[in-house]
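Work through the exercises below with the model in view. Try each task before reading its solution.

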Amino acid sequence: MTLEEVITEQASVERAAQCHGACLEEVLLSAQDNDCLTVGVYESAKIMNLDPDSVSFCVLAVDEDFECDIALQIHFTLIQSFCFDNEISIVRVSNVQRLAEIVGDKAGQFEDAHCLLITNPTDGSWEDPSLEKLHLFCQESRGQNDWLPEVALFER
């Protein structure tokens, strides 16, 4: 592979990452507007336990400050396992603060934005094309043995 091919491939990967980040941001805002967003590790675990069929998508976020939090890592492992067993699309983001900003954490209302779940409304009235794009991204990633794809969230 030539240097030009490597640079072109890297640029393509960066554009795709920006696209997926924008899709994720759109989906989170839309899910929040439609009351289909659950924020927090414990709240997400409750939803997964009570109504696992309603869960459509999962977002896990970790940054350097929380990588040593053993309890959080155990919860992440259990949530990932649940998602894999139930064929729920799941992505990882590395910027918890940006994720909290997207879902509206202006007054510290979401101290625990490490896990977000997007659920399907009971009446089935909400569909989002960006969510479908993210599902396809996750499916393609699994096809390449990347079981927990990462999506980059960019500052605005």
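The exercises go from the overall fold to single residues.

This is a predicted model, in which local features need pLDDT of at least 70, side-chain atom pairs count only at pLDDT 80 or more, and totals for chains, interfaces and linings use all residues. Residues are numbered from 1 along each chain as its sequence is written, and side-chain values use heavy atoms, with hydrogens and water left out.

**Exercise 1. The fold**

Task: State how many helices and strands the protein has, and give their pattern along the sequence.

Solution: 
- Step 1. Count the elements: there are five helices and four strands. Helices (H or I, at least four residues) and strands (E, at least two) are DSSP runs, numbered from the N terminus.
- Step 2. Read along the sequence. The pattern is α-β-α-β-α-β-α-β-α.
- Step 3. Check burial. Of the 156 residues, 40% are buried. Buried means under 20% relative accessible area, exposed over 50%, and partly exposed in between (1.4 Å probe, protein chains only).
- Step 4. Residues 24 or more positions apart account for 81% of them. Contact means heavy atoms within 4.5 Å.

**Exercise 2. Inside strand 4**

Task: Is strand 4 (residues 115-119) largely enclosed or open?

Solution: 
- Step 1. Sort the residues by direction. Cys115, Leu117 and Thr119 point one way from strand 4. Leu116 and Ile118 point the other way.
- Step 2. Count the buried ones. Five of the five residues are buried, so strand 4 is largely enclosed by the rest of the structure.
- Step 3. Look at one residue. Ile118 has a relative accessible area of 0% and is therefore buried. Its C-alpha atom is 9.9 Å from that of Ser30, 88 residues apart along the chain.

**Exercise 3. Two packed helices**

Task: Describe how helix 2 (residues 41-50) and helix 3 (residues 70-85) pack.

Solution: 
- Step 1. Two packed helices are described by the angle between their axes and the distance between the axes. Axes are lines fitted to C-alpha atoms, for helices over the stretch in contact, and angles run from 0 to 180 degrees between N-to-C directions.
- Step 2. Read the values. The angle is about 30°, and the axes are 11 Å apart.
- Step 3. Classify. Helix 2 and helix 3 are therefore roughly parallel to each other. (Angles under 35 degrees count as roughly parallel, over 145 as roughly antiparallel, 65 to 115 as roughly perpendicular and the rest as oblique.)
- Step 4. List the contact. Helix 2 brings Val41, Tyr42 and Met48. Helix 3 brings Leu72, His75, Phe76, Ile79, Phe82 and Cys83.

**Exercise 4. Single residues**

Task: Are Ser89, Asp35 and Glu87 buried or exposed?

Solution: 
- Step 1. Ser89 lies in strand 3. Its relative accessibility is 5%, so Ser89 counts as buried. Among the residues Ser89 touches are Ser56, His135 and Arg142. The C-alpha atoms of Ser89 and His135 are separated by 6.1 Å, with the two 46 residues apart along the chain.
- Step 2. Asp35 lies in the loop between helix 1 (3-33) and strand 1. Asp35 counts as exposed, at 68% relative accessibility. Its phi is near 55°, a positive value in a residue other than glycine.
- Step 3. Glu87 lies in the loop between helix 3 and strand 3. With a relative accessible area of 76%, Glu87 is exposed. Phi of Glu87 is near 55°, a positive value.

How values were computed: Lists of a residue's contacts leave out its neighbours within four places in sequence.
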